[in-house]
Amino acid sequence: MDGIQILIVDYGSQYTLVIGRTLRELGVRSIILPSEKAEIWLKENNPKSVILSGSNWSVYSENAPKLPASLDTSGAKYVVLGICYGMQLLAYTLGGNVDRPLGHREYGPAKVKLKTSHPLFIGVAKETEVWASHGDTVTKIPEGFESIAISEGIAGMTDKNNRVLGVQFHPEVTDTKEGKKILQNFINLAHCVKDWDPKDLIVEMEEEVKRIVGEKNKVVLGVSGGVDSTVLAGILAPALGERLVCLAIDTGGLREGEMEELKKNVTSAGVKKISIVDAKADFLENIGKTIDAEEKREKFREVYKKVFEAEILKHKAKFIAQGTLATDIIESGQVGESAMIKTHHNVGLGFEVDDLHPLRHLFKYEVRELGKTLGLPESVYNRAPFPGPGLYLRVVGTPVDAEKMALVREADAKVREILVRHNLDKQISQLIVAMLGINSVGVKGDERVYGHSLAVRAVQTVDFMTAKGYHFPPEVADEITSALIKHKDIVRVFFDMTPKPPATTEFE
Ligand code: XMP
C-alpha cells in the first residue's frame, strides 16, 4: 500500500486525470504531480513506472516544461511512457527531432498502424482508431530507438529493452478504441501489481491500525462529519470498538445544521458514542486576532490541538487518528521540500501521542469509493468537502467576529438552498460563499450604504489538485444575488470562476 507504483508527470493536458482514472479502473493506483514536484517525489520513492502526460506546450516554446531532472531515461529504474507531448519531450531530450511537418494540428480521430509484436500492442488490431491532439510530431527518433506505430508520421517509439516508450496518440481517452488494452499492456510491461481494490484496502488499513494500536490502547479520532473522517470512523469502529473515541469539536466555524448532520453521519458509520466539545468561544477569540490567512490557520491549529490534548488526557488515549489525505500532505509541502501552498489544519500538529493518518496515500475520489464499499449512505460518500477551519476561512481580509460569522453562515445556507432547489448541487464539487472585507458604496432604499461584498464560487474537480470554476446559469446567479443583498450590510455580490491553478478552491 505504501509504495505508489506509477508516477504521472502532469504537463497540463486536459486528459492527465483520465490517465490516473483509467489506471485505477485497471486496478493500479498512481500519483499525479507537476514536473517540479515529480522531481522531488522521485528522489524519495521507487515507482515501477513513470508516465509523461500530454500538453499544449511545444518543446521549442521558451518556458516549455522539461523532463524532471532526475528522471532515469535509461529505463533501468522504471519503465517510462511518454504520451503526446511526453513522447515529444523524450525524443527531443534524447537526441531525436520534433517538428511540425503537417503544418496543421491533428485533432480528433486518426488511424494508426501498429507493430503488434511489440509488448505494448499485444492483442491490439494492426490498424486501429485512436484519438490524437497535437501540432508537433516526432520526425526523427533518438538513436537506439525504433518506431512501433505510424500514422501520418511516427506515432510510437520504443528503446531496445522496451523500457522507454512513447505514443503520439492518447491511449487514456475512450475514443482510442483499444486504449485500455494498451494501458493494460503497459502495466504488464512495468510489472505493476494490482493495488486498488477498496475491499482489500479496508482490511489492510484495519489490520495496520490494530497492529500499531495493540490490544488495549485507546484512539481519539477527530470527526467532522465529512467524507474522510466518517470513512475512517467506519474503518476504525469495527476494528477498535469501545476503544475508539470520536471527538467532534464545535469550533464555531460549522455551517447551519452541521453538528446535527455530523452526528447522523458518524452514527451511520457504526459509531455508538460521540464526544462533543464546545470550543466556539476559544476559537473565535484566537482567530479574531489576525486577518492573515496563514496566521488564521495557525491560530485555528493552536486551539484545535489544545482541545485534542485535553481529550487525550481525559480518555488516557495513546493515539490519535485523523482523516488526512494525500492532497493535504502534498499541499502542506510535506512531499520532499515542495513549496508549501497552505498549512492544512491537520498536518504536522506534533502531538505527544502517536498520530495515525491511515488515509494518507489516498485521494478524495478513492476515499469516496471506500465509503461506498463500507455501505455508508450516498449523502456521506458523495458529500462535498468543507475545510476543517470552516467558515473562519470565509471571512476574508477583515477580522473575524461573531456577527460576520453569522453573516457568512446565513449566506452559505441561502445559496446552498437555491442550488438544491435548482438541482445544481450535484453538478458542483464544492461551494464557497465568502465575505470580502473591502467596503464599497451602495444604495439601499434612499440611503447610501458603505458595506461588505460576498463572493460566490463553485468549482468542479476530481481531486482538488486542479479545478474548473463553475458558471452559474444566469437566472440562478440573479436569484443568488437578490437573496444575498437582502442582508443590510451586503452591497455587492461577485461570482468567481477562476480555475485552480492559479486560484485555490478556498479564498484563504
Ligand atoms: P484549496 O483551497 O487548497 O482546497 O484548493 C482544496 C480542498 O481542501 C479544503 N481545504 C481544507 N481542508 N483543512 C481542511 O480540512 C484546511 O485547512 C483546508 N484548506 C482547504 C478545501 O475546502 C478544498 O476542499
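Biologist: How many cavities of 30 Å³ or more does the structure hold?

Modeller: This is a predicted model, where local features need pLDDT of at least 70, side-chain atom pairs count only at pLDDT 80 or more, and totals for chains, interfaces and linings use all residues. Residues are numbered from 1 along each chain as its sequence is written, and side-chain values use heavy atoms, leaving out hydrogens and water. A cavity is a set of points on a 1 Å grid over the protein atoms alone where a 1.4 Å probe fits but cannot get out. Of 30 Å³ or more, the cavities number three.

Biologist: How much space lies in the second largest cavity?

Modeller: Grid points are joined across faces, edges and corners, and a volume is the space filled by probe spheres set on the points. For the second largest cavity this gives about 50 Å³.

Biologist: Which helix gives the most to the lining of the second largest cavity?

Modeller: Lining residues have an atom within 4 Å of a point, and here they include Leu407, Glu410, Leu454 and His487. Helices are DSSP runs (H or I, at least four residues), numbered from the N terminus. Both α13 (402-421) and α14 (474-484) supply at least two residues each. With four residues, the top contributor is α13.

Biologist: What share of the 508 residues in the chain is buried?

Modeller: Buried means under 20% relative accessible area, with a 1.4 Å probe and protein chains only. In this chain, the buried share of the 508 residues is 57%.

How values were computed. 1 Å grid on protein atoms, 1.4 Å probe; cavity = no way out; pocket = protein on both sides within 12 Å on 5 of 7 lines; lining within 4 Å. Buried < 20%, exposed > 50% of the residue type's maximum accessible area, 1.4 Å probe, protein only.
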